[in-house]
There are 2 protein chains.
Amino acid sequence: MELLEQRILTDGVVKEGHVLKVDSFLNHQLDISLLNEIGREFFRLFQGEKLTKIVTIESSGIAIAAIAAQYFHLPVIFAKKAQSKNIDGEVYSSVIRSYTHGNDYTAILEKKFLGPDDRVLILDDFLATGKAQLGLLDIARQAGATVAGIGIVIEKGFQGGGDHLRDAGYNLKSLAIIDEMSPDGIIFRR
Amino acid sequence: MELLEQRILTDGVVKEGHVLKVDSFLNHQLDISLLNEIGREFFRLFQGEKLTKIVTIESSGIAIAAIAAQYFHLPVIFAKKAQSKNIDGEVYSSVIRSYTHGNDYTAILEKKFLGPDDRVLILDDFLATGKAQLGLLDIARQAGATVAGIGIVIEKGFQGGGDHLRDAGYNLKSLAIIDEMSPDGIIFRR
């Protein structure tokens, strides 16, 4: 997605430790016009998949999923991190290792919101090693739901998680795939 | 907001400890059509305020703020909870006591996204004692930004945080205010 790649080149900042900061438009401050273009592109890519729900995980995936869901006319469910007083015992859960924070957390999703009749699209802002996506795939498997697609805004191709999911047969589409990055520049996959 | 009150009566569940679960449409599963009506109503209420940014806090406020921002054509900034490897040292921060989780957390927002020229609208899903809103007000004060309005989807009027903010002179509008609730019923403020 040309518009997105240009924005990453203009406003993204590469930091030590394979960190790409895009917090001026994607995951701290949100450029809602850009999110609309992203949502429109996800709709173009996945509109034929007979989806029933869009699934993401807090927090950075929520705005992307909510804006995209307007094009699909579907509800969003976001998995939550860790246990909250507001969550019933009746949840699916999966332990996820966070690359960003360097610790483990548990993703939970109430059972009543996902079942065997569902065909879901998983949306998220980043895919690196793929740990968060594997957690959501695990939750979908527990629910008996079909994962009809995975849509990612920025894939760090050099970390291998995306290719692993493609090799496993998932219908994964990333709007920008970074094959190399350093403070000197970013090279996108063609 | 009649549509919202009806939805709370239909799908909200009152639990022990003054907990109102609206997770089937507002903060776990998201009814995007309803969020659009909520966003439209916030725009009607605050469109004259010469706003520059919409501010919220992760996670439940994000979808509400992102959808509403489409009507205002403004960027959203969401404050994050606790420290992350992706956040620079240059942040505003405020300690907030969580009623839902019964613990303290620190809300942080990068300084580069908010300054003295900003007139912000704070949006959130719930207002109870007002602790989260006071944290965002504290961050806005540190930034020298003007808080031109506070928009809340559901105010638990019986917990007093909303009236405290009104008494302090804030332009607070809540789309539904609950004055009493129990497993037997919910009474809205007229």
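## Chain A at a glance

Of the 190 residues in chain A, 47% are buried (20 or more other C-beta atoms, placed from the backbone, within 10 Å of the residue's own; 12 or fewer is exposed, and in between is partly exposed). Keep in mind that this is a predicted model: local features need pLDDT of at least 70, side-chain atom pairs count only at pLDDT 80 or more, and totals for chains, interfaces and linings use all residues. Residues are numbered from 1 along each chain as its sequence is written, and chains are lettered from A in the order in which they are written.

Chain A has 5 helices and 11 strands (DSSP runs numbered from the N terminus: H or I of at least four residues for helices, E of at least two for strands). Its C-alpha atoms fill a box of roughly 50 × 35 × 35 Å along the principal axes.

## How α2 and α3 pack

In chain A, helix α2 (residues 32–46) packs against helix α3 (residues 60–72) at an angle of about 55°, with the axes 8 Å apart. Axes here are lines fitted to C-alpha atoms over the stretch in contact, and angles run from 0 to 180 degrees between N-to-C directions.

Who meets whom? From α2(A) come residues including Leu35(A), Ile38(A), Phe42(A) and Phe43(A), and from α3(A) residues including Ile64(A), Ile67(A) and Tyr71(A). Contact means C-beta atoms, placed from the backbone, within 7 Å. The residues of this contact split into 10 nonpolar, 3 polar and 1 charged (nonpolar: Ala, Val, Leu, Ile, Met, Phe, Trp, Tyr, Cys and Pro; charged: Asp, Glu, Lys and Arg; polar: the others, Gly among them).

## Where chain A touches chain B

30 residues of chain A are in contact with 30 residues of chain B. On the chain A side, the elements giving two or more residues are β2 (19–21), β3 (29–30), α2, α3 and β5 (76–81). The largest share, 6 residues, comes from α3(A). By class, that side has 14 nonpolar, 9 polar and 7 charged residues.

Most residues other than glycine have a negative phi, and most peptide bonds are trans. A cis bond joins Glu58(A) and Ser59(A), with omega about 0°, and Ser59(A) sits in the loop between β4 (53–57) and α3 of chain A. In chain B, Glu58(B) and Ser59(B) are joined by a cis bond too, with omega about -5°.

His18(A) has a positive phi, near 55°, and is found in the loop between β1 (13–15) and β2 of chain A. His18(A) is partly exposed, with 14 other C-beta atoms within 10 Å.

How values were computed. Two residues are in contact if their C-beta atoms, placed from the backbone, lie within 7 Å.
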